Amino acid sequence: MAYTERHNCFTEWWIKMVAWRERHVNERSFVIILALIVGVLCGLAAQLLKFLIHAISGLLTSNLSATTANWLYLVYPVVGILLVTLFINYVVKDNISHGVTRVLYAISRRKSRLKKRNIYASLIASSVTIGFGGSVGAEGPIVFTGAAIGSNIGQAFRLSPRLLMLLVGCGAAAGIAGIFRAPIAGMLFTLEVLMIDLTGATVMPLLISSITGATVAYVLEGYNAEFFFSQSEPFSVGKIPYAVFLGIFCGFVSLYFTRVIFMMETMFSKIKYRPVKICTGGVILAVLIFLFPPLYGEGYSAINCLLDGDYSNIVDGTFFYVDRDNIWFIACYIGAIVLTKVFATSATTGSGGVGGTFAPSLFVGAMVGFLFAFVLNNMIDGGVGISNKNFTLLGMAGLMSGVMHAPLMAIFLTAEMTGGYNLFLPLLIVSSLSYMTIRIFEPYSIYTMRLAKQGDLLTHEKDKAVLTLLKLNNVIEHDFKEVHPEMNLKEVVDIIAMSNRNLFPVTDSEGMLVGVVLLDDIRNIMFRPDLYKKMHVTRFMSMPPARIELDMPMEEVMRTFDKTNAWNLPVVDNGKYVGFVSKSKIFNSYRRVLRHYCDD
């Protein structure tokens, strides 16, 4: 049997199976089954991604010296970025950077539809990027991969956009749970970062997929936490003020992290010639890794060292190995890592590498927490008696909370992946204060800021969410008869006779909107034949109260209607007339989308 015939037979069989499911299996039960399947697949994808990263990284760095600088650090990152760029340009041929942002965009603007190639593209590209030293994390790519798995399974069974959104959330939750072995954090990531509502219809599928993804990880890797942490010093009530100060400090460092990321992204976006972009980012990344080897890859080995209380290994593989016992040099070195990590991350993604900011925020948080305690313990005679290890863990939660605007996820993820449940109270304090601090200066997370500026962000606020789901193109009306400035009243009356509208756009010879004619404004003269040849459109046309640009977000469109109290406004594309949009049609579409969006 030829390939085409086999394909057609399979397609026909699949359609029959989907139709049978729709008749015999109710929607809610079927979503539960799919959530379980998504959880298994995403758990396996997370394990494959971790395996590829460790295999590539181990192969390249296993023979590097710990007692002196390694010149290969100047080569590996550039090679990795070059390989990934070639893979994306000639194989994927699609934008797969900023995985979490792409998922948010798919939810907001693409009815939660992701392409099939998104299942494997981020997984391959990020494993090469990170394995060769790219200073990014694997969590953004696994969220993209997991969301793509959920979306494509849902599309295969012809599920509605509402259920597709839920399966995208299930895939993301399972990906986070599978890579960190943190099921609660996986579900909270979906709720806080992807902003999928927690309702009776969503909680069970999200929980099932998240638990399933974590279970796959436990089966394949063993029942251990992602990071080894043993609490050797208890946290007493007297240490709470230090936790408060750390939370505020983490909030400001989070603000620095976020602002520098976007500054660097803007800089790289202005470089149009791709070889220059690769060289610029590659050189910045390579030099930084050469000077600060902990910036290589995800940096999890450095986090484990700090959680274990051993900070001297931070300078392994550098010119500064001989200074590993100088506590003030170590403090300055870690401070430099905190400041430069964000540049290394931006250089990786800006030059063409693929990865997320999840791991970098954990890494910087660990460094900030350790540095905070280390300096306080050594700058005062006798020290202040706070645990370097405990505050390393608290810093991880603080930075993640501030950078991602997800305090609950930060608390549970830190506790789950380290086993530090005994530090729950200080985790709450640091995460909450970090989040509150950055919110004063920055209302959006590092993931949502890009979409918020474009008006493409779906939020928990129903009004804004529904307006985001609405598309201006779908509510534009084109059946308005155009008139021109040189027309006389008789010609206008003839056009009015053929129209069922009481509003007429005035356009010039190039189609540019120059005004409008309202039927009410000419009603008193349109039955006076003596004026038919004397009066021209320029005499009785008026200017519309406002104009709607074709690319204007719906939220801004509604603000314009509210400000002008108009019921119809013209839509233009750089001044050229497109059509009209009416408040009544928007309200009808709004009601339909709201009913669909809120249907549990």
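Lys50 is buried, with a relative accessible area of 7%. Buried here means under 20% relative accessible area, exposed means over 50%, and partly exposed falls in between (1.4 Å probe, protein chains only). The side chain of Lys50 meets that of Glu221 in a salt bridge, at 3.1 Å from N to O. The term covers a side-chain nitrogen of Lys or Arg within 4 Å of a carboxyl oxygen of Asp or Glu. Lys50 sits in helix α2 and Glu221 in helix α9, so this pair ties together parts that are 171 residues apart in sequence. Glu221 itself is partly exposed, at 31% relative accessibility.

This is a predicted model: local features need pLDDT of at least 70, side-chain atom pairs count only at pLDDT 80 or more, and totals for chains, interfaces and linings use all residues. Residues are numbered from 1 along each chain as its sequence is written, and side-chain values use heavy atoms, leaving out hydrogens and water.

Glu221 has another partner. Arg181 forms a salt bridge with Glu221, with the closest N and O atoms 3.8 Å apart. Arg181 lies in the loop between α7 (161-180) and α8 (183-192), and Glu221 in helix α9, so the pair ties together parts that are 40 residues apart in sequence. Arg181 counts as buried, at 7% relative accessibility.

A further salt bridge joins Asp494 and Lys490, the closest N and O atoms being 3.0 Å apart. These two are four residues apart in helix α20 (residues 489-497), so about one helical turn separates them. Asp494 is partly exposed at 36% relative accessible area, and Lys490 is partly exposed at 31%. The whole structure holds 11 salt bridges.

The protein has 24 helices and six strands. These are DSSP runs numbered from the N terminus: helices are H or I with at least four residues, strands are E with at least two. The C-alpha atoms fill a box of roughly 100 × 60 × 50 Å along the principal axes. Of the 600 residues, 56% are buried. Among contacts (heavy atoms within 4.5 Å) with a separation of 6 or more, 76% come from residues 24 or more positions apart.

Leu246 gives a view of the interior. Leu246 belongs to helix α10 (residues 240-269) and is buried, with a relative accessible area of 0%. Beyond residues up to four places away in sequence, Leu246 touches Val368, Gly369, Phe372, Phe391, Leu394, Gly395 and Val430.

Next, the surface. The protein exposes about 25800 Å², and carbon and sulfur atoms supply 61% of it. Accessible areas come from the Shrake-Rupley method with a 1.4 Å probe; for residues, only the protein chains shown count as cover. A nonpolar surface patch of about 600 Å² is made by Ile33, Ile37, Val40, Leu41, Leu44, Val219 and Leu220. Helices α2 (27-61) and α9 (203-221) each give two or more residues to this patch. The most come from α2, with five.

Patches use residues with over 30% relative accessible area and no salt bridge; like charges are joined within 9 Å, nonpolar side chains (Val, Leu, Ile, Met, Phe, Trp, Tyr) within 5 Å. Glu549, Asp551, Glu556 and Asp573 form a negative patch. Asp573 lies in strand β5 (residues 568-573) and is partly exposed, with a relative accessible area of 38%.

Notes:
Lys and Arg count as positive and Asp and Glu as negative; His and the chain ends are not counted. The place of a charge is taken as NZ of Lys, CZ of Arg, CG of Asp or CD of Glu.
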